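Colleague: I have the sequence and the model open. Can we go through them together, one point at a time?

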Amino acid sequence: MDKTKAVKYQRPSLARTLNQNKTLILMCVPAIIFFFVFSYMPMPGAYIAFTNFQYNKGIFGSPFIGLQNFKFLFMSGQLTLLLRNTILYNLAFIILGNVLQLTFAILLNEVQSKAYKKTTQSMMFLPYFISDVLVSLLVYNLLNYDFGFISNLVRNLGGEMPKVYQMPNAWPIIIVLVNLWKGTGYGTVVYFAAITGMDSSMMEAAQIDGANGFQRIRYITLPTLKPTVIILFLFAIGGILKGNFGLFYNLVGANSMLFNTTDIIETYVYRSMMNSFNFSQSSAVGLFQSVVGFFIVMAANAFVKHLDPEYALF
Amino acid sequence: MKKLIALLMMLMLVVCALPAMAEVDTSEHVVITYLVTGDIPNNRTDEVLGKINEILTEKVNAELAIQWIEWTDWTTKYNLALATQSGDIDLIGTATDWLNAWPNIQKGAFLPLTEEMLQTYAPNTWAQVPAENWELCKYNGEIYLMPEDNYAQWTNHGFLYRGDWAKEAGLENGVNSWEELQVYFQYIKDNKADVIPWDANGNGSSYAPQMAGGWQTSHTPNIYIEGIGVDLFYGNSKDDPYTLSTYYVEGDELVNFATEMKEWADAGYWRTDVLNYTGDVMTEMKEGKTGAHQHHTQTWTGERTNMEEKQPGSDVGFFWFGKEQSNVIALNITHGAMAVAMTSQNPERALMVYDLMRNDPEIYRLMQYGIEGDMYTLDENGYIVRPEGWDDSTMGVSMNFWWGRNDQLELRSAKTDWEAVDALYAEYDAVKVNYPYGRVVFDLSSIQMYLDNLSNVYNTYMPRITFGMVDDPAAYVAEFRQQLKAAGIDICMEEIQKQINAAYGL
C-alpha cells in the first residue's frame, strides 16, 4: 500500500467508530431490537400473499398461487375511489398536521411561564390516548340529528340542524378535524423537543443584534427545524396508502351514505372480507400498500437529495 | 321397540368401548386447553374450574385450562388463534354457521377424528350421536366435529316487544305480522313520549342482515343457506330446497321491503342516524326507553323474566321471523360443535376430557351451574333456584360450553316462564323443518374473489335498504341489483347451485 495517500482523509475503521459512539449505540439498541423483531423478522412472512394459505402446512408449505390474491382489489372497480380517498386524507393529515404541530411548538417555545407550558402540553397530548371508539361516541353525541348536543343547541337557538350523518361532503372536514385534534399534541412534542435541542447561542446572538420575535422565528427557528420537518415528512409519506382503520371505521361504520367520501382501502377490505377470513388476500392488500409506499419514499428521497443532499434520509 | 333396540345398541357400544378405554395410557398428567369465545369472567369460574380439574385429574389424569377469545374483535382473534396454533390449544369450540367451521376444516385447522378414536376416547359421545348426525360432521369422508345435537334450543330471530303496550294498541293477541308490528310501533310513536318505538342499533355488521333476512323469511318461503359468508343465498322453499332463490336478483319482494322500511324510517320508528347508533337496545328496553329489540328466541326466554322485574307487567312477547309463512328451520346440529386442534399434543386425552364435559353429570353441572348447595339448590320440581340477590356476572360460573350441551343433564331454571316458553317451542315444533343443507360443504375457493366483492356490495347497499335511508326505494334496489350483477352474483349462484346439485345427486 502506498502510505503517502493515507495522509489525506482516512475513514476511521468500523471498530473505532463503534468504540467512539458506544453510548449512542447502546441507546439505540432497544429501537434496533424493536424494528428487527417487529419489522424485519416477519418480512419473509409476506410470502403468504402469494399462497393459498393452509393452517396445517404453514406459510412456506402452502401452495403458491402467484398474483391470484391481488386480483380482487383490482377487479372491484372501486380502486380509483379508494386510492383517491386514502391519499387525499393522508395528504391532509400530513400537511395540515405538520403545519399545526410546528405552529404550536413554536408558540409553546415563546411562552415563558413554565407551569402554563407544561399544562398546555399535557392537555394537548391527552386526546392522543382516547380510543377511536370513544372518539366516535363523542362525535355521535355531538352531531346526531335527534339528540346531539350541537343539534339541541342549534334548535334551541331557533336554527335548523342539518342531518350531518347524511352529508357525505361534511365528513372529510370532520375526519380531518378529529385527526388533528388527536394528533397535534403528540407531534407538537416532537417539534418542541427539536426546538429545545437548538443551540441557544444563536438565539442570544440574534437577540443582541436586535432581532425581534418574528424575525427570530423566521430566520433561526424555522431553518433549524427544516431537517426535522423533511425527515418526518419522508417517514409519513411512506404510509400514504395506509389508512387509519380504527378512526374511519368507528366514525363512519355501516353508514354507506358517506362511503363516497370516507371509504378508504382498509374499510373496503374489511367490508369485503369480514366473513371469509382470508389471511392471504388481506396480506396481499397490505403488501401492495407497503410496496407502493416504498417506491414513493424512494422517489421523494431522491427528489430531496436532488434539491439538497444534506436533507435526504439516505 | 325401536327405542329398546337403540338402547341395547348403545349399551353394546359402551360395553365394547370399555375394554379399549381401560388400555388408554393416562400415566402422564396433561393440561388440555379449551379455546372458547367470551369475555374473561369475573365470577367464580376459576374456583369451579379447580373443582372440575380435581375430578378430571382423578378420572383421566388431565386438567382443563380455558383460553378466552374476548368479544372485542372476536372473529379476527378466533381465526387468528386457529391459524397460528402450535400445540397450544387442544379443544376448540366451533360452529358451521357463526364460527366458520367448514372453511377452517378446509384450511386444516382441525384434526380429523377416526371412528376408532371416538369409540375409544369419547365412547359416550360416540354412542349418543346417531350415525346420520355423524354424517353431517364429515368433510371428505372424515369426521371433524362433535355436534351439539342433543340440546333443544331456538336461535331464530325476531322481535321482542312489550305485551302490555301491544294490548293498549289494540293488538289483543300480540304482534303476529309485520303489519301488526307497524301498528305497534305507530302506537308507541303516537302515545309514548320519549320512547323510540325501536331504537335500532344499525351500526353492527349483523343487524341489517338479520332484519333483512327476517322480512324475507316472513314474506317468502325461502330458506337461508349457511356457510357462504354473504347473506345473498337462499333456497326456494321446504318443498323445493335445492333450487336457489332469485330474491336478490329479481322480483318485487325486495322492492316492497325497501319501500316499507322507508315508510317506517319516515314515520320515525327508529332514530334518524340509526346507521351510526351503537347503543345497547336491551338495556334501553329495560329502562322503558324503547319498545322493541330485534334478537333471537333464546334471548327472549331469559329477558322475559328480567323485563318483568324491571318493567312489571311488561309481558314481553316474541314475534318470530317467518311466522306468517310458518317458515322456521330447526337449528342445524352444528350450530355448536367441538373440534380437536390440528396441532394438539394430546388429542386422545382431549377427547376423553370432552366426553366427560358432555356426559359426566357431576362435571356437567359444575360447568353449567356451579356448586350445588352453595351456588344453587333444586326445588321440588327439580328446577334450579339461585340464592337471594344472585348476580351471574359476579357470583356464577361461565364456561361458555356451547359445543355439546346435553338435555339429559340440563336443569331448568325456576325463574324462567316455562309456560310461555314451552308454548312457543310447541308452536315451532309444529311447523319446523330440519336444516336441509347439512350435507353440503361448500368449496368456495373458485368464487371467493366474487364473494368478497359481493360482500362489499351487500354491506354497502343493504343497511340503507333495511333502515329506509333512501330517497327512491325502487331505484335504489335496481342499482343494488345492478351492482350485484357487476360483482358476479350470477357466477356465484351458478357455482353454488352446482355444488348443491352434486351433494344431493340432482
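Predicted model: local features only at pLDDT ≥ 70, side-chain atom pairs only at ≥ 80, totals over all residues.

Colleague: Which residues of helix 11 of chain B are buried?

Modeller: Helix 11 of chain B covers residues 253–267. Its 15 residues reach 21 Å from first C-alpha to last, close to the 21 Å expected. The buried ones are B:Leu254, B:Phe257, B:Ala258, B:Met261, B:Lys262 and B:Trp264.

Colleague: Why do the buried residues of helix 11 of chain B line one face of the helix?

Modeller: Look down the axis of helix 11 of chain B. The buried residues line one face because they fall within an arc of 160 degrees.

Colleague: What covers the buried residues of helix 11 of chain B?

Modeller: Just after helix 11, B:Gly268 takes a positive phi of about 80 degrees. The cover on the buried residues of the helix includes helix 9 (178–191), helix 10 (207–219), helix 18 (448–466) and helix 19 (473–487) of chain B.

Colleague: How many residues of helix 18 of chain B are on the side that touches chain A?

Modeller: In that interface, 33 residues of chain B are in contact with 30 residues of chain A. Helix 3 (74–83) and helix 18 of chain B each supply at least two residues of chain B's side. By class, that side has 13 nonpolar, 15 polar and five charged residues. Its largest share comes from helix 18, with twelve residues.

Colleague: How many residues of domain 1 of chain B are in contact with domain 2 of chain B?

Modeller: Domain 1 is 2–144 + 337–401, and domain 2 is 153–331 + 429–506. Their centres are separated by 32 Å. On the domain 2 side, six residues take part. On the domain 1 side, the classes are three nonpolar, one polar and one charged, and the number of residues is five.

Colleague: Is B:Thr96 buried or exposed?

Modeller: B:Thr96 lies in the loop between strand 3 and helix 4 (101–106) of chain B. Beyond its neighbours within four places in sequence, B:Thr96 is in contact with B:Ala101, B:Trp102, B:Glu226, B:Gly227, B:Asn332 and B:Thr334. The count is 27 other C-beta atoms within 10 Å, so B:Thr96 is buried.

Colleague: Is B:Asp194 buried or exposed?

Modeller: Start with the backbone. Most residues other than glycine have a negative phi. B:Asp194 has a positive one, near 65 degrees, in the loop between helix 9 and helix 10 of chain B. With 6 other C-beta atoms within 10 Å, B:Asp194 is exposed.

Colleague: What is the phi of B:Ser326?

Modeller: B:Ser326 sits in the loop between strand 11 (316–320) and strand 12 (337–340) of chain B. B:Ser326 is partly exposed, with 14 other C-beta atoms within 10 Å. Although B:Ser326 is not a glycine, its phi is positive, about 50 degrees.

Note on methods. Residues numbered from 1 in each chain as written. Chains lettered and ligands numbered in written order. Domains from an automatic or database assignment. Contact = placed C-beta atoms within 7 Å. Nonpolar A, V, L, I, M, F, W, Y, C, P; charged D, E, K, R; others polar. Helix = DSSP H or I, 4+ residues; strand = E, 2+ residues; numbered from the N terminus. Expected span 1.5 Å × (residues − 1). Buried ≥ 20, exposed ≤ 12 C-beta atoms within 10 Å, placed from the backbone. Arc of directions from axis to C-beta.
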